[in-house]
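We'll walk through it one piece at a time.

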Amino acid sequence: MEINAIIVEDEASSREILRNYINKYTKEVNLKGEAASIKEGLDLIKEHSLDLVFLDVEMPFGNAFDFLDQIPERTFETVFVTAYDHYAKDALNQHAAYYLMKPINIDELVKAVDYVKEIKQREAYLEDRVLQPKLKAVKGKITLPQQDGFQVLNVSDILYCKADDNYTEIYLENKKILVSKTLKYFEEALSDFSFARIHKSFLVNVNEVVKYRKGKGGSVVISNGKELLVSASKKKELLSYF
């Protein structure tokens, strides 16, 4: 699991030490940038999708808590890096993942990153469970997992789905959505609705079929005029709908 991170630390020497330790001892961490002030740190957060911020407590024109107060909806974990232990309680109140004391102990740094990795893995597991095909809590709708959450679609708006390796292209009337799930995933997710797997590459909303053309497998024309091949092995399943 890759962990996208930044360092927010006003002292250049401290940034260099932490950067070198991270690059040498924590291969999972991908440093996206460094900031020497609160403002620079906030700019980096707007620019990148982050999993972790290494944050010094005392900085010019504010401190770490001022910094965090400006990000009420945080999607990243925080590891405080400081020479002062009396901020530990405040760090805990800010839901910090870890509290590193300067000078940095390499073993503690590795523990901090491992702990953040465990948190992200648990989050990914829970998100994956929420987005499994078995979830049909809202009738007639389906969730499409995306990098920043998920999109909710009316099943009836889907014309067909097309396989693209480990991705699936979801075709609506006027747009296409690429989702990082296999076509098999959507075959299971839409199993309670009128969707037929007509080909290794296609899953079609049967309600959108307007014409069938004969052949060994044949083909179907759907409501937007698109023609899709039907494999011979899937022909019987498709025709059972009509």
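What follows starts with the whole chain and then moves through its parts.

First, some housekeeping. This is a predicted model, where local features need pLDDT of at least 70 and side-chain atom pairs count only at pLDDT 80 or more, while totals for chains, interfaces and linings use all residues. Residues are numbered from 1 along each chain as its sequence is written, and side-chain values use heavy atoms, with hydrogens and water left out.

The protein chain has seven helices and 17 strands; these are DSSP runs numbered from the N terminus, with helices being H or I over at least four residues and strands being E over at least two. Of its 242 residues, 43% are buried, meaning under 20% relative accessible area, with exposed being over 50% and partly exposed in between (1.4 Å probe, protein chains only). Take the contacts with a separation of 6 or more: 51% of them are between residues 24 or more positions apart, a contact being heavy atoms within 4.5 Å.

Five strands make it up in the order 2-1-3-6-7, with parallel pairing; two strands pair if DSSP finds at least two bridges between them. Strand 2 and strand 7 (98–101) are the edges, each pairing on one side only. From one strand to the next, the twist averages 20 degrees. Look at strand 6 (residues 77–82) and strand 7: four parallel bridges join them, and Thr82 sits opposite Met101 of strand 7.

Helices lie against this sheet. Helix 1 (residues 12–25) goes across strand 1, strand 2, strand 3 (52–56) and strand 6, at about 170 degrees to strand 2. Helix 2 touches strand 1 and strand 2, and its direction makes about 140 degrees with that of strand 2. Those angles run from 0 to 180 degrees between N-to-C directions, using lines fitted to C-alpha atoms (for helices, over the stretch in contact).

Stay with helix 2 (residues 38–47) for a moment. Which of its residues are buried? Ile38, Gly41, Leu42, Leu44 and Ile45 are. The face turned away carries the exposed Lys39, Lys46 and Glu47.

What about the nonpolar cores? In soluble globular proteins, nonpolar side chains tend to be buried together. A core here is a set of buried Ala, Val, Leu, Ile, Met, Phe, Trp, Tyr and Cys residues joined through side-chain atoms within 4.5 Å. The largest has 20 residues, of which Val8, Val53, Leu55, Phe67 and Phe80 touch the most other members. Strand 1, helix 2, strand 3 and helix 3 each give two or more residues to this core. A second, separate core of 19 residues includes Ile7, Tyr98, Leu109 and Ile119.

Further along, strand 14 (residues 202–205) is covered on both faces, with Phe202 and Val204 buried on one side and Leu203 and Asn205 on the other. Strand 13 (residues 195–199) forms a hairpin with strand 14, two residues lying between them. The two pair in the antiparallel sense over four bridges, and His199 has Phe202 as its bridge partner. Strand 10 also pairs antiparallel with strand 14, over three bridges, with Tyr160 opposite Val204.

The peptide bond from Lys102 to Pro103 is cis, with omega near -5 degrees. Asp165 has a positive phi of about 55 degrees although it is not a glycine, and this residue lies in the loop between strand 10 (160–164) and strand 11 (167–171).
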